[in-house]
Structures are given as C-alpha cells and as structure tokens.
Amino acid sequence: MSGAALGFEIVFVFFLALFLLHRYGDFKKQHRLVIIATLLAWYLCFLIVFILPLDVSTTIYNRCKLAVNSSPAESNGSYVTLAPSKQKCFKPWSYIPDGIMPIFWRVVYWTSQFLTWILLPFMQSYARSGGFSITGKIKTALIENAIYYGTYLLIFGAFLIYVAVNPNFNLQWNQLQTIGIAAANTWGLFLLVLLLGYGLVEIPRSHWNGAKRGYLLMKTYFKAAKLMTEKADAEENLEDIMEEVRKVSESIKYNHPLRKCVDTILKKCPTEYQERMGRNMDDYEDFDERQNSYPSEKSLAKLHKQVIYSVQRHRRTQVQWQILLEKAFYLEDVAKNESSATRQFVHTFHSQEPENKIIQYFYTPTVEWYWECLLRPWFYRVLAVMLATFSVIVVWSECTFFSTKPVLSLFAVFIQLAENTYNYIYIEMACFLTIFFLSICVYSTVFRIRVFNYYYLASHHQTDAYSLLFSGMLFCRLTPPLCLNFLGLTHMDATISHKNTQPTAYTSIMGSMRVLSFIADGFYIYYPMLVVILCIATYFSLGTRCLNLLGFQQFMGDSEMTSDLIDEGKELIRREKRKRQRQEEGENRRREWKERYGNRDDSTRSRAVHTDQKESSFSETNANRPLSKYTRSNGRTERDRVELLQDAEPLDFNADSVNDDPLESDSGR
C-alpha cells in the first residue's frame, strides 16, 4: 500500500478541481490558457489540503522509529519516548517512503508561488486586455504589471543592500529563502484570519437559516429585486456599447486598415445585434481622399474590452435571473405543499430539463414531499449545530494553541491521544476533518465575496476569466499559511510545540522561522486571536450594517429598505409566474388541438393537395381558351371550407385565365 493512497488522492483531487472549474468556468468560450492556469492553481491548493494528513501520519511513524532505535541515554532528552521494550511502532497503511514527500512539497509549493506572484497576475491583465493580437495583449499586460513587479523588486533590492551593508547580518541563501517564505505567509495569514472569522460564523448560520422556509423565500424575493436592477443596468449598458460599435462600423469601411479590428469586435457582439447592424459588403469607399476623423487602434482596443465585459455581464444576469426564478417557484411550491393532505409534492411548473429516469424512479413525489417538507429542515438544523460546535472548537484552539504545558488546544489533545496508541486511521481522519473544515470556511468565503463587478464567482459557467484567475491567486496565497496554522493547532509544528522532534516534510521546506523571531514568536501566535473579534462582528452583522449605511443594499430583517425590496421582488416573481402560466396554457391548447384534430387535418390536407393537382392540370389545359365572363359558384363552399382549415398553397392563376373556378371554366355563360 506504500504510495497507493498518495496516488489515489492525486487523481481524486484532480477530478474534484476539474468538476468545480467546470461548474464556474466555460470550457468552450474561455481561453485554454486561462482554464489550464486556473485548474493548476486550484488543483495544487486542494492537493495540499488532502495530502497533508498523510504527511502527519508518516511523520508520527518516523518519530516512533527514531524513538525505538535510540535509547534514553543516547537521545539525551532529544526525544520524549518510552523504553524500547514497552514501545512498538506499527507502519501506517498510507505510509509514504522517505524522500518522496520533501520533493513533492517543494514542487507543489514553489509552483503555486510562481503562479500566484508572477504568472496569474500577468494572465489577468492579458485576459482583460482589448488588444487584437497576441503581441498587443502581452504589451498591455507588461505595462499594467510594471508597477506590480517593480514594487517587489524594489523591496527585495533594498533588503539585499541593507543586508550587504550591515555587518551584523550574515545571511545565507537558505535564510534568505526562509525570509521570502515568511513574508508571503505573513501576507496570507493576514487575509486568512479575516476570511476564517467570517466563515466560522456564516457557514453554520446559513445552514440554520436554510431550515426556515419563510426566511429563504423572503431572501429570494430580495435577491430578485436587486438582480432585476442589475439586469436592467446590464441591458442598458449593452445597448450603449452596441450603439458605439454601430457608429464605428459605419465610419470604418471595408478598405480601411482597421476594418479587421472592427470585424473582431463585431464577432464578440450578440447575434441579434450583428444582424441589426447589417454588414454592407458592397459599400466601398476611398477613405484616403476624405478628411474624416477615424478612431485609433487604441480606442478600438478600449471599445473591444468594453464589449467583452458588457456581453459577459449581460449573459450572466440573464442566466442568473432564470435560475433565481426557478428557485423562487420551487420555494413557493414547498410552502404550498407543506399543508398537503395527500403528502405528494406537486410542482406548479414542470422541469424544463429532462430528468433522469433512475432519479424519477426513486425520488417519487411522496419521497420528495417527506424530504422537502419534513426531513430537510431537521437535517439542516442538526448540521448547523454540528458546524457551530466545530467552529467553537476552532476559535478556542486558535486562542490557546501556543500553550504547551498544559496543552489547551483540543485538536492537539486529540492528535496526541491517537499518537500514544498509534491509531493512524484516527489520526488521518481527525487531521482531514480539521483541515477540511478550515478550508471550507476560507474557500467558501472566497466563492461568496463579490467586489462590485470586478471579482465575482458565478456558477453555471458564468464566471469571467479575470475572476477565475483572481480566485486562483487567492487560493495559492491562502493555502500555505492555512496549512501552517493547522500544524500549529495540532502542535505538529516545532515552532509552536518547542520540542526538538522530527518535523513534518511540509514544515521542513518552509525553513526555520527562528530567522525572524518577531514573526515566529509574535505575529504567528497572537494575530490568529483576532478571529474572536471577527466572529463577534460577523455574528452581529456589523459588516452588513456598515454596507447598508453606505448605500449598498443588504438583506436585513429590520430595515425598511429591505421590506420594500422584498415587496418589489415578490411582485416581479408573481409577474413572471403569470407569464409562464400563460405560455404553458397556450402550449397545452395547441397540443390538445393537434391531438384532437391532427388526423382530420392530415386527411383534409391530402384531399386539398389532390384537388390542387387537379385544378392545376385543368388550368394548364384551359390556358389557351377564351375568357369566360360568367362562372358558377356551385361547389365552392366545400373548397373554401377546406382552405380555411388548411394552409393550402394559393392557386397558380394563368395569365390567360382569370376565372374563379377552373373546374367550371366550360360552363355556360
């Protein structure tokens, strides 16, 4: 089994990252380099979280081997162990051979740091650039990131000069590397505590509120009112941008050198706008002889950037509006079915997507009623209580993990108890649940936050390239300090436990933080205590209240603005519901008419076609006959009725015969 667990987790985490990226990104429309870079960043961060418990169990086994092979006299107190005769070491099922983990962590860590500090910022500027060529986009990205990279070089250069001039410092390359790692982890820990304090409170509270049907429905109405405003703004913005594109397309003709740039812009426009603009390919004009002012390539690049942004925003709001409507209709159905006597879930509207037959077989209307109306609220309450308990343990451990005598961190107590019995399954499960919960609290906040329209992770393939790359940057910067914080909570970090024991392979590549004692003994220990203040602020919704005072509408139950938006959203949902009901009623009537009169219409159509063939044959034979002044109308009633029932093709009147009934053309005058 050596290495099998590592290989399995490597493959599993890859498909997990691919699944999440497919949910938020669009593989068909977004650039392949954006997809690959984001997938690599997400994959490496998730991989660190899943592999670290294996590193912990392997380190505990290696410590046991060293303790057994060394006697107390030889160890000189270096290892706190029992006598060799009383101690046995059992090899864990997921043991990773020596030498693999250090190389693995070194490759993963430095690749993620290269992505977050160098490649992803460059690709962000490249993705948002409006250039029309690869060279132009690279040039724009380099110019935008010149200040970003120049600041790092300036700080690093000043530090090197200070070290070279000061004789008290004698730093080697490993120490410089450790200082760089410490600086990156310090920045990540600063942001980590902010996100962790929000997630520790908001995740249990969101699950508790998920059991309240009325709360969810009111919040959905609130979101509908806000989304409708954003949707209208996106449509108006798109109209303005398309008007500018139309003017540019009319001014720059097809023999202009910049016409290729205009065609590139037009390809990014929606299809209906392209058809509305109408490309006149025959419109050729000698632009050199006319003294007209034409837009420059720089202005066209700016317009190209605006078109990409406005089209993406318009499409995202349209998709989100349809998803929100489905959610609102479903919550209203749940509220109606709670008082159902038949205990069968009845939907107002049928699902627009075809459902899986296996799901339909097991998830019957009766099962759906019991789950949605009875079991699901209680399940969410129990889950919320468990998550809240876990949050309390995390907050307590964050405030007490620096205490080693006695050990106050509950996670460290659990790991040490399992270490005494060498129960590696329990050790790995405890480590995995701990770091997984910490990751969920941090990563879910990254998925929830929204910085206006610049950064927003929208599901159902509606996230733009800039937001995907930015999320990859955040993950790569947050994951290393998150893992160090986890190792500190469990006292697996020698800097926290103050024991001269074998460190984990992950901390070995980080180097000794003793180079910067004020960070190792000060910032890393006392700064995580601020999570208590952040949790209290999140519990009382202080951030939401501040945003509401600044004019950013937030969902607050005791706000008059919130009540107005809820009423507005309720009216919008009611209007959309009536519209969809009328559409379904019309479709049902057409379906019933077709089922009732379909066979009769087919037979009538065949008779009408046969009659038209006979009429056309008679018309051809009478083409050279003189015109008749009088015709009889007998027998026309039946054919008129046939033409009213069917869309029969019009008669092909001959130029020499204009009588109403070719079949009666030989009748008396």
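Let's start where two helices touch: Phe122, Ser125 and Tyr126 of helix 4 meet Ile134, Lys137, Ile138, Ala141, Leu142 and Glu144 of helix 5. Keep in mind as you look around that the model is predicted.

How do the two helices lie relative to each other? Their axes come within 8 Å and cross at roughly 125 degrees. Angles from 65 to 115 degrees count as roughly perpendicular and those over 145 as roughly antiparallel, so helix 4 and helix 5 are oblique to each other. The crossing of helix 4 past helix 5 is right-handed.

Here are the two partners side by side:

| Helix | Residues in the helix | Residues in the contact |
|---|---|---|
| Helix 4 | 100-128 | Phe122, Ser125, Tyr126 |
| Helix 5 | 134-144 | Ile134, Lys137, Ile138, Ala141, Leu142, Glu144 |

The largest nonpolar core holds 95 residues, and Trp42, Trp105, Leu200 and Tyr506 touch the most other members. Helix 2, residues 32-69, supplies the largest share of this core with 21 residues.

Stepping back to the whole protein chain, you will find 23 helices and two strands. Of its 669 residues, 41% are buried. Among contacts between residues at least 6 apart in sequence, 79% join residues at least 24 apart.

Note on methods. Residues are numbered from 1 along each chain as its sequence is written. This is a predicted model: local features need pLDDT of at least 70, side-chain atom pairs count only at pLDDT 80 or more; totals for chains, interfaces and linings use all residues. Side-chain values use heavy atoms; hydrogens and water are left out. Axes are lines fitted to C-alpha atoms, for helices over the stretch in contact, and angles run from 0 to 180 degrees between N-to-C directions. Helices (H or I, at least four residues) and strands (E, at least two) are DSSP runs, numbered from the N terminus. Angles under 35 degrees count as roughly parallel, over 145 as roughly antiparallel, 65 to 115 as roughly perpendicular and the rest as oblique. A crossing is left-handed if the near helix is turned anticlockwise from the far one by less than a right angle, and right-handed if clockwise. Contact means heavy atoms within 4.5 Å. A nonpolar core is a set of buried Ala, Val, Leu, Ile, Met, Phe, Trp, Tyr and Cys residues joined through side-chain atoms within 4.5 Å. Buried means under 20% relative accessible area, exposed over 50%, partly exposed in between (1.4 Å probe, protein chains only).
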